[in-house]
Amino acid sequence: MATGRTHRPATRSRGIPEATVARLPLYLRALTALSERSVPTVSSEELAAAAGVNSAKLRKDFSYLGSYGTRGVGYDVEYLVYQISRELGLTQDWPVVIVGIGNLGAALANYGGFASRGFRVAALIDADPAMAGKPVAGIPVQHTDDLEKIIQDNGVSIGVIATPAGAAQQVCDRLVAAGVTSILNFAPTVLTVPDGVDVRKVDLSIELQILAFHEQRKAGEEAMEAMTDGLPAAAAATKGSADQGPDGDVPAVMPA
């Protein structure tokens with residue numbers, strides 16, 4: 001059984017841009033949905049819409065894979081699923097360890113999508129002695145004292161950190177020292193890693209703050225529209241011009 005330690009994805013050696021790599025999972029998700037509906041082929045426009053990108057970008061991305069589709073027919077769905085899965089390294093078994101089995105770690109352990117996407121949760125690890133041996137998603141939790149042995153025994157190269165922020169860097173250092181070269185970090189902190197180690201950060205609070213920014217901006221625009229709608233047309237036009245400078249896009253500087 002492949003462990004993930006001796007087989008690395010081919011994307012970097014093939015010169016596929018990182019932006020394209022980041023979009024490949026979006027295409028794969030859309031293609032998998034089409035495959036489940038037994039759709040044999042798909043046009044670049046249809047697939048781009050399903051993945052949330054423009055069709056020109058999709059065609060450029062697929063050109064890096066050597067896939068150009070057939071004029072008048074489109075792309076073969078099953079072949080693209082295989083091709084993208086191969087480029088992402090998902091045609092083999094990737095053992096993963098999750099460190100920190102609190103509410104978030106337990107939720108990740110119970111996530112059913114790992115196995116269908118080429119990942120196997122090899123071990124759950126926590127620093128709380130009371131958690132040792134307790135099954136979560138059918139997997140007994142192991143203590144952090146055994147972290148290095150667990151990594152070595154399972155040939156793990158991907159680690160998931162779901163610990164509190166204060167413990168994350170120490171856990172990260174131990175994972176890297178044990179041979180882990182890719183880390184998915186859910187802890188609300190920035191990790192420092194040596195060259196050759198990839199870190200992907202998932203911070204739900206940051207995503208919510210970005211959404212809050214957009215909500216605040218939309219509320220401000222709606223308030224401005226409501227205020228403008230209450231003015232006569234001529235007054236609204238005068239107000240708009242009074243707020244603009246000579247170039248029509250910045251406020252004019254008034255003399256003192």
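**Colour by confidence**

Average pLDDT (the predictor's confidence in each residue, from 0 to 100) is 85 for the protein, and 84% of the residues score at least 70. This is a predicted model, in which local features need pLDDT of at least 70 and side-chain atom pairs count only at pLDDT 80 or more, while totals for chains, interfaces and linings use all residues. Residues are numbered from 1 along each chain as its sequence is written, and side-chain values use heavy atoms, with hydrogens and water left out.

Select residues 1–13. Here pLDDT stays under 50, and the model has 35 contacts beyond four places in sequence for this stretch. Contact means heavy atoms within 4.5 Å. Now select residues 245–256. There pLDDT also stays under 50, with nine contacts beyond four places in sequence. Where pLDDT is low, predicted coordinates should not be read in detail.

**Switch to cartoon**

The protein has ten helices and nine strands. These are DSSP runs (helices H or I, at least four residues; strands E, at least two), numbered from the N terminus. Of the 256 residues, 36% count as buried. Buried means under 20% relative accessible area, exposed over 50%, and partly exposed in between (1.4 Å probe, protein chains only). Among contacts with a separation of 6 or more, 57% join residues 24 or more positions apart.

**The sheet**

Select the seven strands of the open sheet. Their order is S5-S6-S4-S3-S7-S8-S9, and the pairing is mixed. S5 (135–136) and S9 (198–201) stand at the edges with a single partner strand each, so one side of each has no neighbour in the sheet. Two strands pair if DSSP finds at least two bridges between them.

S5 and S6 (residues 139–143) pair in the antiparallel sense over two bridges. Val136 stands opposite Ile139 in S6.

Move to S7. S3 and S7 pair in the parallel sense over four bridges, with Val96 opposite Ile158. S7 and S8 are also parallel, over four bridges, and Val160 stands opposite Leu184. Both faces of S7 are covered: Ile158 and Val160 on one side, Gly159 and Ile161 on the other, are all buried.

**Two loops beside the strands**

Pick Thr144, in the loop between S6 and helix H7 (147–154). Thr144 counts as buried, at 12% relative accessibility. Leaving aside neighbours within four places in sequence, Thr144 is in contact with Ile125, Asp126, Ala127 and Arg174.

Then pick Gly196, in the loop between S8 and S9. Gly196 is exposed, with a relative accessible area of 61%. Draw a distance from Gly196 to Thr181: their C-alpha atoms are separated by 6.8 Å, at 15 residues apart along the chain.

**The cores**

Show side chains for the largest nonpolar core. It has 23 residues, and those with the most contacts inside it are Tyr27, Leu31, Val42, Leu47, Leu58, Phe62 and Ile84. Such a core is a set of buried Ala, Val, Leu, Ile, Met, Phe, Trp, Tyr and Cys residues joined through side-chain atoms within 4.5 Å. Helices H1 (18–36), H2 (44–51), H3 (55–64) and H4 (77–87) each give two or more residues to this core. H1 gives the most, with seven.

Centre on Leu58. Beyond neighbours within four places in sequence, Leu58 is in contact with Tyr27, Ser44, Leu47, Ala48, Val53 and Tyr75. A second, separate core has 21 residues, including Val99, Ala168, Ala178 and Leu191.

**Finish on H4**

Select the buried residues of H4: Val77, Leu80, Val81, Gln83, Ile84, Ser85 and Glu87. These pack against H1, S1 (41–42), H2, H3 and S2 (75–76). Tyr82 is also in H4, but counts as partly exposed, at 44% relative accessibility. The C-alpha atoms of Tyr82 and Leu28 are separated by 9.1 Å, with the residues 54 apart along the chain.

Look at both ends of H4. Asp76 caps the N-terminal end, with a side-chain oxygen 3.2 Å from the backbone nitrogen of Glu78. After H4 comes Gly89, whose phi is positive, near 80°.

Terms used
Polar contact = N/O pair within 3.5 Å; in protein donor to acceptor, adjacent residues only side chain to side chain.
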